[in-house]
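Subject: Structure handover and notes

Dear colleague,

Please find the structure you asked for just below.

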Amino acid sequence: MSERDAGFIAAVEEAQKGSNEGGVPIGAALVSADGKILGRGHNMRLQKDSATLHAEISALENAGRLPAAAYRGATMYTTLSPCDMCTGACVMYGVKRVVIGENKTFVGGEEYLKQRGIEVVVLENEKCKELMKKFIEEKPGDWNEDIGED
(Lines give C-alpha, C1' and ligand atoms only; values in the text may rest on other atoms or scores of the structure.)
Protein backbone atom coordinates (compact mmCIF):
# COMPACT_ATOMS: atom_id res chain seq x y z
CA MET A 1 0.00 0.00 0.00
CA SER A 2 1.41 3.33 -0.98
CA GLU A 3 0.60 6.93 -1.77
CA ARG A 4 0.55 5.96 -5.47
CA ASP A 5 -2.39 3.56 -5.12
CA ALA A 6 -5.38 4.67 -7.21
CA GLY A 7 -7.60 4.39 -4.13
CA PHE A 8 -5.39 6.66 -2.07
CA ILE A 9 -5.10 9.19 -4.90
CA ALA A 10 -8.91 9.21 -5.15
CA ALA A 11 -9.23 9.74 -1.39
CA VAL A 12 -6.85 12.71 -1.48
CA GLU A 13 -8.73 14.17 -4.46
CA GLU A 14 -11.94 13.86 -2.46
CA ALA A 15 -10.34 15.56 0.56
CA GLN A 16 -9.25 18.44 -1.65
CA LYS A 17 -12.76 18.66 -3.10
CA GLY A 18 -14.18 18.88 0.42
CA SER A 19 -11.68 21.60 1.27
CA ASN A 20 -12.59 23.53 -1.88
CA GLU A 21 -16.26 23.36 -0.83
CA GLY A 22 -15.43 24.77 2.62
CA GLY A 23 -16.00 21.44 4.35
CA VAL A 24 -13.89 19.16 6.50
CA PRO A 25 -11.07 18.02 4.18
CA ILE A 26 -11.32 14.28 4.61
CA GLY A 27 -11.72 11.93 1.66
CA ALA A 28 -12.19 8.20 1.24
CA ALA A 29 -12.39 5.52 -1.43
CA LEU A 30 -13.56 1.92 -1.21
CA VAL A 31 -11.55 -0.34 -3.52
CA SER A 32 -12.35 -3.96 -4.37
CA ALA A 33 -9.85 -6.79 -4.02
CA ASP A 34 -9.18 -6.59 -7.75
CA GLY A 35 -8.40 -2.86 -7.60
CA LYS A 36 -11.67 -1.38 -8.86
CA ILE A 37 -12.86 1.78 -7.11
CA LEU A 38 -16.33 0.89 -5.88
CA GLY A 39 -17.13 4.24 -4.34
CA ARG A 40 -15.47 7.45 -3.31
CA GLY A 41 -16.58 10.43 -1.29
CA HIS A 42 -15.67 13.16 1.13
CA ASN A 43 -16.88 14.53 4.43
CA MET A 44 -19.98 16.61 3.70
CA ARG A 45 -21.30 17.32 7.18
CA LEU A 46 -21.05 21.08 6.70
CA GLN A 47 -22.15 21.17 3.08
CA LYS A 48 -25.24 18.99 3.65
CA ASP A 49 -25.91 19.95 7.30
CA SER A 50 -25.56 16.25 8.13
CA ALA A 51 -24.83 14.57 11.42
CA THR A 52 -23.25 11.49 9.85
CA LEU A 53 -21.86 12.17 6.39
CA HIS A 54 -18.20 11.48 7.07
CA ALA A 55 -15.91 10.57 4.15
CA GLU A 56 -15.99 6.80 4.68
CA ILE A 57 -19.78 6.82 4.98
CA SER A 58 -19.95 8.94 1.81
CA ALA A 59 -17.73 6.46 -0.06
CA LEU A 60 -19.91 3.55 1.08
CA GLU A 61 -23.06 5.43 0.09
CA ASN A 62 -21.62 6.26 -3.33
CA ALA A 63 -20.68 2.61 -3.83
CA GLY A 64 -24.38 1.84 -3.66
CA ARG A 65 -26.01 -1.31 -2.43
CA LEU A 66 -23.55 -4.17 -2.84
CA PRO A 67 -23.63 -7.85 -1.91
CA ALA A 68 -21.63 -8.76 1.19
CA ALA A 69 -19.06 -10.55 -0.98
CA ALA A 70 -18.12 -7.23 -2.64
CA TYR A 71 -16.67 -5.94 0.64
CA ARG A 72 -14.58 -9.01 1.42
CA GLY A 73 -11.02 -8.29 0.44
CA ALA A 74 -11.82 -4.61 -0.11
CA THR A 75 -9.68 -1.74 1.11
CA MET A 76 -11.01 1.51 2.56
CA TYR A 77 -8.61 4.34 1.81
CA THR A 78 -9.13 7.37 4.03
CA THR A 79 -7.11 10.52 4.45
CA LEU A 80 -7.56 10.59 8.24
CA SER A 81 -7.80 7.91 10.92
CA PRO A 82 -11.46 6.80 10.96
CA CYS A 83 -13.71 7.81 13.84
CA ASP A 84 -15.67 5.22 15.80
CA MET A 85 -18.67 5.49 13.45
CA CYS A 86 -16.58 4.94 10.33
CA THR A 87 -14.52 2.25 12.03
CA GLY A 88 -17.77 0.45 12.83
CA ALA A 89 -18.89 0.66 9.21
CA CYS A 90 -15.60 -0.89 8.06
CA VAL A 91 -16.01 -3.70 10.59
CA MET A 92 -19.69 -4.21 9.77
CA TYR A 93 -19.03 -4.61 6.06
CA GLY A 94 -15.96 -6.76 6.56
CA VAL A 95 -13.36 -4.72 4.70
CA LYS A 96 -9.97 -6.39 4.76
CA ARG A 97 -7.73 -3.34 5.07
CA VAL A 98 -7.92 0.33 6.02
CA VAL A 99 -5.21 2.59 4.58
CA ILE A 100 -4.93 5.89 6.44
CA GLY A 101 -3.32 9.04 5.05
CA GLU A 102 -2.40 10.36 8.47
CA ASN A 103 -3.15 9.84 12.14
CA LYS A 104 -1.32 12.70 13.84
CA THR A 105 -4.30 15.06 13.73
CA PHE A 106 -6.73 12.45 15.06
CA VAL A 107 -6.54 8.79 16.04
CA GLY A 108 -9.79 6.93 15.71
CA GLY A 109 -10.57 3.24 15.97
CA GLU A 110 -7.33 1.85 14.62
CA GLU A 111 -6.79 -0.53 17.54
CA TYR A 112 -10.34 -1.83 17.28
CA LEU A 113 -9.88 -2.47 13.57
CA LYS A 114 -6.74 -4.48 14.33
CA GLN A 115 -8.52 -6.41 17.09
CA ARG A 116 -11.19 -7.36 14.55
CA GLY A 117 -8.56 -8.71 12.15
CA ILE A 118 -8.51 -5.75 9.77
CA GLU A 119 -5.11 -4.69 8.48
CA VAL A 120 -4.30 -1.04 9.21
CA VAL A 121 -1.69 0.86 7.19
CA VAL A 122 -0.73 4.45 8.07
CA LEU A 123 1.06 6.43 5.35
CA GLU A 124 1.75 9.72 7.23
CA ASN A 125 1.05 11.70 4.07
CA GLU A 126 2.07 15.37 4.21
CA LYS A 127 -0.76 16.60 1.96
CA CYS A 128 -3.32 15.04 4.30
CA LYS A 129 -1.65 16.66 7.31
CA GLU A 130 -1.55 20.06 5.59
CA LEU A 131 -5.23 19.98 4.63
CA MET A 132 -6.26 19.16 8.19
CA LYS A 133 -3.93 21.70 9.79
CA LYS A 134 -5.29 24.50 7.61
CA PHE A 135 -8.91 23.53 8.27
CA ILE A 136 -8.45 23.29 12.05
CA GLU A 137 -6.70 26.67 12.15
CA GLU A 138 -9.51 28.29 10.14
CA LYS A 139 -12.52 26.44 11.60
CA PRO A 140 -11.70 24.98 15.03
CA GLY A 141 -15.35 24.91 16.09
CA ASP A 142 -16.41 22.95 13.02
CA TRP A 143 -13.55 20.49 13.58
CA ASN A 144 -14.52 19.91 17.22
CA GLU A 145 -18.13 19.38 16.18
CA ASP A 146 -17.05 16.86 13.54
CA ILE A 147 -15.24 14.72 16.10
CA GLY A 148 -17.92 15.12 18.78
CA GLU A 149 -16.07 17.48 21.12
CA ASP A 150 -17.11 20.80 22.67
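In these notes a residue is buried if its relative accessible area is under 20%, exposed if it is over 50%, and partly exposed in between, with a 1.4 Å probe and protein chains only. By that rule, 49% of the 150 residues of the protein count as buried. Please keep in mind that this is a predicted model, in which local features need pLDDT of at least 70 and side-chain atom pairs count only at pLDDT 80 or more, while totals for chains, interfaces and linings use all residues. Residues are numbered from 1 along each chain as its sequence is written, and side-chain values use heavy atoms, with hydrogens and water left out.

Overall fold

Helices (H or I, at least four residues) and strands (E, at least two) are DSSP runs numbered from the N terminus, and the protein has eight helices and five strands. Their order from the N terminus is α-β-β-α-α-α-β-α-β-α-β-α-α. The radius of gyration, taken over C-alpha atoms, is compared with a globule rule of 2.2 Å times the number of residues to the power 0.38; a compact globule of 150 residues would come near 15 Å, and the protein, at 14 Å, agrees with this. Along the principal axes, the C-alpha atoms fill a box of roughly 40 × 30 × 25 Å. Taking contact to mean heavy atoms within 4.5 Å, 53% of the contacts between residues at least 6 apart in sequence join residues at least 24 apart.

UniProt, in an unreviewed entry, lists residues 2–120 as "domain: CMP/dCMP-type deaminase"; its positions are given in the numbering used here, feature names are shortened, and annotations may be inferred rather than shown by experiment. Over residues 2–120 the chain is 40% helix and 21% strand, with the end C-alpha atoms 12 Å apart.

His 42 lies in strand 2 (residues 37–42) and is buried, at a relative accessible area of 3%. Beyond its neighbours within four places in sequence, His 42 is in contact with residues including Glu 14, Ile 26, Leu 53, His 54 and Ser 58. Gly 41, also in strand 2, is buried at 2%, and among the residues it touches, not counting those up to four places away in sequence, are Glu 14, Ala 28, Ala 55 and Asn 62. The C-alpha atoms of Gly 41 and Ala 10 are 8.7 Å apart, although 31 residues separate them along the chain.

The buried residues of helix 3 are Ala 55, Glu 56, Ser 58, Ala 59, Leu 60 and Ala 63, and what covers them includes strand 1 (27–31), strand 2, helix 4, strand 3 (75–80) and helix 5. Helix 3 (residues 55–63) packs with helix 5 at an angle of about 40°, the axes being 8 Å apart; axes are lines fitted to C-alpha atoms, for helices over the stretch in contact, and angles run from 0 to 180 degrees between N-to-C directions. Glu 56, Ile 57 and Leu 60 of helix 3 make this contact with Met 85, Cys 86, Ala 89 and Tyr 93 of helix 5.

Aromatic pairs

Rings of Phe, Tyr and Trp (its six-membered ring) pair if their centres lie within 6.5 Å, and planes under 30 degrees apart count as stacked, over 60 as edge-to-face and the rest as tilted. A search of the whole structure finds two such pairs. Tyr 71 and Tyr 93 form a tilted pair, at 4.6 Å centre to centre and 35° between the planes, which links helix 4 (residues 68–71) to helix 5 (residues 84–93) across 22 residues. Tyr 71 is buried at 4% relative accessibility, whereas Tyr 93 is partly exposed at 33%. The rings of Phe 106 and Trp 143 have centres 6.2 Å apart and planes at 90°, so this pair is edge-to-face. Phe 106 lies in the loop between strand 4 (97–102) and helix 6 (110–115) and Trp 143 in helix 8 (residues 140–146), so the pair ties together parts 37 residues apart in sequence.

Backbone points to check

Most residues other than glycine have a negative phi. Asp 49, not a glycine, has a positive phi of about 55°, and is exposed at 73%. Glu 124 likewise has a positive phi, near 55°, and is partly exposed at 25%.

Best regards
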